[in-house]
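Here are my notes on this model, as numbered points. Please read them with the structure open.

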Amino acid sequence: MSVPSERHSQTPVRRNPDRMLRDFGRHLGWHGRTRQVNDELDRKLRGLDGFAWHIERDLLLCSVPIPFVLLGPSGLFLLQASRGQRTVEDIALMSRAARTLSSVLSDYPDATHPAIVMLEDDQPPRQHFTGAGEGPCWVLGDDSLSGWLHRFRDHGLSEADIAVLRDHSDPARIRERQLALVPRGEG
């Protein structure tokens, strides 16, 4: 990138309307804030036993980025962090993503549990639904997280299951076939 050797003395000219810059700037701000709170939740989750739990970050399910997918001895979980704000849309999206993951893992006998973890909060776990009946999605304070994760008595994954899963999910194992595209009318 080239850097100008001297700055012109006149004020730079704006090219875009305030409304567009304000609205997209707020969107970028919330994106950054979301990343910050999920990074904080990531630090808390790193306290889980790394042999017993597999944590996957930023997995896309039904075109929705899910900050955390946890697989462990007590079940399957989808998590996102918040510092207090949650919307009906968050509850619906997390619930839909959990159902999608459950359908993808059709041989797994139990449901996937979605949750919004409120950082620096001590509220007890409660299931929430949308006005349209979508759900459930748990909402709980981070003080309750460890106990909540271990309260389920689902089929879960053993340490041996986690080891096999990690082996098969290693990106180095992926071999892409190179396709030779021939333009129409040739060959």
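1. Aromatic cluster. Trp53, Phe77, Trp138, Trp148 and Phe152 form one aromatic cluster in this predicted model. The count of aromatic pairs comes to six. One of them joins Trp148 and Phe152, with ring centres 5.3 Å apart and planes at 90°, which is edge-to-face.

2. Burial of that pair. Are Trp148 and Phe152 buried or exposed? Trp148 has a relative accessible area of 1%, so it is buried. Phe152 is at 11%; because the cut-off for buried is under 20%, Phe152 counts as buried too.

3. Helix α1. This helix spans 18–45 and has 28 residues. From first C-alpha to last it reaches 40 Å, close to the 40 Å expected at 1.5 Å a residue. Its buried residues are Val37, Asn38, Glu40, Leu41, Asp42 and Leu45. Note that Asn38, Glu40 and Asp42 are on that list. An α-helix has 3.6 residues a turn, so residues three or four places apart point the same way. Check the list against that spacing.

4. Packing of α1. What do the buried residues of α1 pack against? The partners are strands β1, β2, β3 and β4 (112–118), plus helix α3 (145–151).

5. Largest pocket. The volume is about 870 Å³. There are 24 lining residues, and Trp30, Thr34, Asn38, Gln80 and Asp90 are the closest to the centre.

6. Who lines the pocket? Which element gives the most? Helix α1 does, with eight residues. At least two residues each come from α1, β1 (54–61), β2 (64–72), β3 (75–82) and α2 (88–104). By class, the lining has seven nonpolar, nine polar and eight charged residues. Positive phi. Asp58 has phi near 50°, a positive value in a residue other than glycine. Asp58 sits in strand β1. Glu120 also has a positive phi, about 50°, and is not a glycine. Where is Glu120 found? It is in the loop between β4 and β5. Glu120 is exposed, with a relative accessible area of 65%.

7. Cis peptide. The bond between Gly135 and Pro136 is cis, with omega about 0°. Pro136 lies in the loop between β5 (126–128) and β6 (137–141).

Conventions:
Residues are numbered from 1 along each chain as its sequence is written. This is a predicted model: local features need pLDDT of at least 70, side-chain atom pairs count only at pLDDT 80 or more; totals for chains, interfaces and linings use all residues. Side-chain values use heavy atoms; hydrogens and water are left out. On a 1 Å grid over the protein atoms alone, a cavity is a set of points where a 1.4 Å probe fits but cannot get out, and a pocket is an open set with protein on both sides within 12 Å along at least five of seven lines; lining residues have an atom within 4 Å of a point. Grid points are joined across faces, edges and corners, and a volume is the space filled by probe spheres set on the points. Helices (H or I, at least four residues) and strands (E, at least two) are DSSP runs, numbered from the N terminus. Ala, Val, Leu, Ile, Met, Phe, Trp, Tyr, Cys and Pro count as nonpolar, Asp, Glu, Lys and Arg as charged, and the others, Gly among them, as polar. The expected span of a helix is 1.5 Å times one less than its number of residues. Buried means under 20% relative accessible area, exposed over 50%, partly exposed in between (1.4 Å probe, protein chains only). Contact means heavy atoms within 4.5 Å. Rings of Phe, Tyr and Trp (its six-membered ring) pair if their centres lie within 6.5 Å; planes under 30 degrees apart count as stacked, over 60 as edge-to-face and the rest as tilted.
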